[in-house]
Amino acid sequence: MPNLPPLLVKPVEIAPLWLVQRVARTIFSGVLKSHPDLFERLGDYRQSRYCFSPTDLPLHFRVVPAAQALSVFRDTQPPADAHIEGPLVLLLGLLEGRCDADALFFSRDLSVTGDMEAMLALRNALDDSAIDLPRELGALAGLFSPLVRGVARHIRARALEGRETAWN
């Protein structure tokens, strides 16, 4: 799986962490607003801390569903109960349910450590959520919504070319 191009990585590397975190939290809040019951299927695993580490960015994203909280860390992986690592494109594809998590795990495109039951519960919660990141990003873009949505859909299609296979 190719890494993100340096043209996309460099701005994230030099951006202040507070700015990266603000953007990430804005997108996270938008997804939760559109999918308020997203974490309901987690049951006891709502208390778990999930860490997502893109291998092509020096960032780690920790989500605590019970608190509906997202934190971003640079370089150092935060403590978490379940951790998944892989290229950003694949992590986002999993969020949207567009990629087969099992196939990516067994092909070693993704690495999952920690509480596997918690990660499986999260996967099941995401399974029926119908998250569409281009639509979510477009909703945040105001007047530029059609442009942002179209560009994001194009990028997603190119990035996931040959990898789009639903989990179920």
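Predicted model: local features only at pLDDT ≥ 70, side-chain atom pairs only at ≥ 80, totals over all residues.
Local features need pLDDT of at least 70 and side-chain atom pairs count only at pLDDT 80 or more, while totals for chains, interfaces and linings use all residues. Residues are numbered from 1 along each chain as its sequence is written, and side-chain values use heavy atoms, with hydrogens and water left out.

**Helix α2**
- Helix α2 spans residues 17–34 and reaches 26 Å from its first C-alpha to its last, close to the 26 Å expected at 1.5 Å a residue (1.5 Å times one less than the number of residues; helices are DSSP runs of H or I, at least four residues, numbered from the N terminus).
- Its buried residues, including Val20, Phe28 and Leu32, pack against α1, β2, β3 and α6 (strands are DSSP runs of E, at least two residues).
- Alanine 24 lies in α2 and counts as buried at 13% relative accessibility (buried is under 20% relative accessible area, exposed over 50%, partly exposed in between, with a 1.4 Å probe and protein chains only).
- Alanine 24 touches Phe61, Leu70 and Val72, not counting residues up to four places away in sequence (contact means heavy atoms within 4.5 Å).

**Salt bridges**
- The count comes to 4 salt bridges (a side-chain nitrogen of Lys or Arg within 4 Å of a carboxyl oxygen of Asp or Glu).
- Glutamate 13 and lysine 10 pair at 3.6 Å, N to O, and both lie in helix α1, 3 residues apart.
- Arginine 153 and aspartate 132 meet at 3.2 Å, N to O; this pair links distant parts of the chain, helix α7 and the loop between α5 and α6.
- Aspartate 132 is buried at 11%, whereas arginine 153 is partly exposed at 35%.
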